[in-house]
Amino acid sequence: MVNIGAFQEIFNQESLSKKEAHQKIETLMKDSVSVRTSLLQGALKQYIQALGLVNRTLPFGLAETGLCHHSDSQLGHSSGCSFEVTKSSLVWFCSPRTSSQWMDYWAHQRLQWWRKFALGPSDFEMCNVGDEELKEGTSHGVKVLYKFPWGSETLETLWSLGDTLLLKTHQGTCKKLQCRDGRKSVVPHVISISANVDRGMLAYLYNSFQLLKKPDNKQKLHQRMVLKLHPTLTPVKVGLDMGRGSSSELRQVCDGLFQEFLEAGISTWPGYMDTMSLSLENLHAKYDEMGVLFTVMVSETTLKGGLLLVRNRDTTIRETMHISEIKLFLLKYMSASENF
């Protein structure tokens, strides 16, 4: 457990410099059982228990997402800050014969995954970890980087760990660690893949933001800010709004559509509840900056003939669609977007 009293004692020592206080806090955090800096150790401890689930057959992996503690010194900075980050981890257990092939496979797959959801895939790149950065027991390391405006930063690391850490975690139980590799029984090699989810999301936000210029009828240039997140990553798929008319009846239709979308798993922004009235152009500009995929407008035309005005964020094309077709259209679009 974290010793709160020890923290308070450090903070009360006015004679300590900022650097000394930071070093003491770091030492305290490292000694604390409840603070973790990596998800790897937990997966290694679960290894023997997991063998029963896979019938002691290689390869297999253990995946997890969770909070880990980090300090600036781990990132090459020295501001004295410590914080939590969301990490995702895959620990892959494989045959010693094929560990190098698996390392190459996962390096390729992980770079392709980051690029798959990117507006500018070339901003994501991969490099080998230098010998001076290799951890103890690590034979090879690879980084996935993103080129931020201030420079490249690591989003994900892949380590080829051999069997050293697994044997160290389960000392004296070598036979229990063995798996089948064809006709042989071997202690598997470990490949650790760890991604910083928070920094990854920041990379996608930077990568997806666009400042577009478009001339109007008078040849004046207008800037349009768009957050073009991949449809799969866009948190809000639909902005539901209403035009002028019988507000009570339009609101009733919007309420029905809003509930229908939520039940279908379509995340929707209830713009029709906003008390501030915006022009259609300003409304579209607002949703573009939010990254909303579609704007659905309910109007008097909807009350008369069931027609909605649907506008696509990426193409800016507006089209009419019957209210009975809108849910299926959105579901098909989202399903197809997972494959491009």
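**Ground rules.** I am working from a predicted model, in which local features need pLDDT of at least 70 and side-chain atom pairs count only at pLDDT 80 or more, while totals for chains, interfaces and linings use all residues. Residues are numbered from 1 along each chain as its sequence is written, and side-chain values use heavy atoms, with hydrogens and water left out.

**Strand 11.** I looked up strand 11 (residues 238-242) and noted that 5 of its 5 residues are buried, where buried means under 20% relative accessible area with a 1.4 Å probe, protein chains only. Strands here are DSSP runs of E of at least two residues and helices are runs of H or I of at least four, numbered from the N terminus. V238, L240 and M242 point one way from the strand, whereas G239 and D241 point the other way. I then checked its partners, counting two strands as paired if DSSP finds at least two bridges between them. Strand 11 runs parallel to strand 12 (residues 268-270) over 3 bridges, with T268 as the bridge partner of V238. It is also parallel to strand 13 (residues 294-298), over 5 bridges, and there M242 stands opposite V298.

**Hairpin.** Strand 14 (residues 307-312) and strand 15 (residues 318-322) are antiparallel and joined by 5 bridges, and L308 has M321 as its bridge partner. I noted that 5 residues lie between these strands and that T316 takes a positive phi near 60°.

**Helix 8.** I found R199, G200, A203, Y204, N207 and S208 buried in helix 8. They lie on the same side of the helix because they cover an arc of only 165° around the axis, the arc being that of the directions from the helix axis to the C-beta atoms. At the start of helix 8, a side-chain oxygen of N196 comes within 3.2 Å of the backbone nitrogen of D198.

**Cores.** Which residues of the largest nonpolar core touch the most other members? Of its 24 residues, they are W114, F124, L158 and Y204; a nonpolar core is a set of buried Ala, Val, Leu, Ile, Met, Phe, Trp, Tyr and Cys residues joined through side-chain atoms within 4.5 Å. Helix 5 gives the most to this core, with 5 residues. Apart from it lies another core, of 20 residues, among them L240, L250, F258 and F261. Lastly, I listed contacts of L158 (heavy atoms within 4.5 Å), leaving aside neighbours within four places in sequence, and they include M103, W106, V142 and I193.

Note on methods. Buried < 20%, exposed > 50% of the residue type's maximum accessible area, 1.4 Å probe, protein only. Polar contact = N/O pair within 3.5 Å; in protein donor to acceptor, adjacent residues only side chain to side chain.
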